[in-house]
Amino acid sequence: MKQMSFNMGFEIKMASGPISTPTQFIPWNKKTDSSDYTPTTTLKYMNDALIGMNYHVLNQFKHLSNTDTQFIKNYLKNIDPYFEIYAKSSLRLKDVYKKTEQPKPPQKLISDFENEFSQAVDKCFSNDNVQLKFIGEALNILSDFEKKLGNAFLYNFTFEFSENFTGQLISFYSFLFHIRTVTAMNHNDQVSDSAFESIRCDSISDYLARTDYTANDALLYWQFKKLTTPFVGVSDVRVEKLLVNPLEQAFFKFNHNACSLVNNLPESFLTTHNAVQLEDALHQIQVDWLLGSSCGLLFRLREEFYGLQHGYDKIFWPEASYSKPQKVATLNFCFELSESDFLNSKKTG
């Protein structure tokens, strides 16, 4: 029996800068671009295949044969780790969602956002190419949604998106993240001193820096809250005004992420662990929120949007901001996948 296979070619146009920024994604047409269409094996981490397959998902499989469509539907989740990571992390968050003490937003607000954002994604992918600079419309919708929520995305556990919309967001994120990874690969191929000038991509620290520090700061803030609770609302208001309130303001000023984490978690989560367990739990839940929550998905997408709008060097790699601008380039990829590529595929840990 003949194996199913899928092949695709595409190019990514770049703008010059200390780190080149993608401006346009153009899939090749097999008929008109046949001279360049020589599929090879995928990159080591299948970055090129993940970009191409997620593009077709977001493009709703337009101009794709039934066989190719079925191949992507059958195998994309086998090679894209972010679907499995999301499933595992979101499962660990179920109890936090149930016990959250923060007010939950109206369901209509959530469904309206899903419809509006889906329309913006459809608009981005409606043509035969993706103009990445026009992603600004989706960014504006994200900003408006956060304002209407009345609560920041950061460590927000108050709602979950529908399954279909979540899948669309994961594909969109994976498409943008892996475009950034091939941009980093191109940059590293051009640097003169790879020991000092290379850049790297990280699925956690690119969005949440030093989660271990945040966990430690959160422990300190939680101890502060427990110790000062008896002094809040006492008859001598000077204690609250001159000590408790100024200290709390200082915590928020210098440890904003830690304070947000503690204030968004249900108290039962904080009280059921001893000090050693709580430190590990606070670190783990940051990762789970980022990789397995609806707001974590929006948070990561927004950072990718900012990178495309303002330049990757401004958002992800500020250490490269003063580097000599790289030449304007067009990155070309052409890959082929077959069913045999998945026989020994490893599951995400």
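A crossing of two helices is left-handed if the near helix is turned anticlockwise from the far one by less than a right angle, and right-handed if clockwise. Keep that in mind.

This is a predicted model, where local features need pLDDT of at least 70, side-chain atom pairs count only at pLDDT 80 or more, and totals for chains, interfaces and linings use all residues. Residues are numbered from 1 along each chain as its sequence is written, and side-chain values use heavy atoms, without hydrogens and water.

First, a helix pair. H4 covers residues 107–124 and H6 covers residues 163–190. Helices here are DSSP runs (H or I, at least four residues), numbered from the N terminus. H4 and H6 pack at about 40°, with axes 11 Å apart. The pair is therefore oblique; that class takes the angles left over from under 35 degrees (roughly parallel), over 145 (roughly antiparallel) and 65 to 115 (roughly perpendicular). Their crossing is left-handed. Who makes the contact (heavy atoms within 4.5 Å)? On H4, Phe113, Glu114, Phe117, Ser118, Val121 and Asp122; on H6, Phe165, Gln168, Leu169 and Phe172.

Now H12, residues 275–292. Its buried residues (under 20% relative accessible area, 1.4 Å probe, protein chains only) include Leu278, Ile285 and Trp289. Among the elements covering the buried residues of H12 are H3 (81–99), H8 (211–228) and H13 (294–310).

Aspartate 288 sits in H12. Is aspartate 288 buried or exposed? Buried, at a relative accessible area of 3%. Leaving aside neighbours within four places in sequence, aspartate 288 touches Ser89, Arg92, Leu93 and Ser293.

Notes. Axes are lines fitted to C-alpha atoms, for helices over the stretch in contact, and angles run from 0 to 180 degrees between N-to-C directions. Helices (H or I, at least four residues) and strands (E, at least two) are DSSP runs, numbered from the N terminus. Contact means heavy atoms within 4.5 Å. The expected span of a helix is 1.5 Å times one less than its number of residues. Buried means under 20% relative accessible area, exposed over 50%, partly exposed in between (1.4 Å probe, protein chains only).
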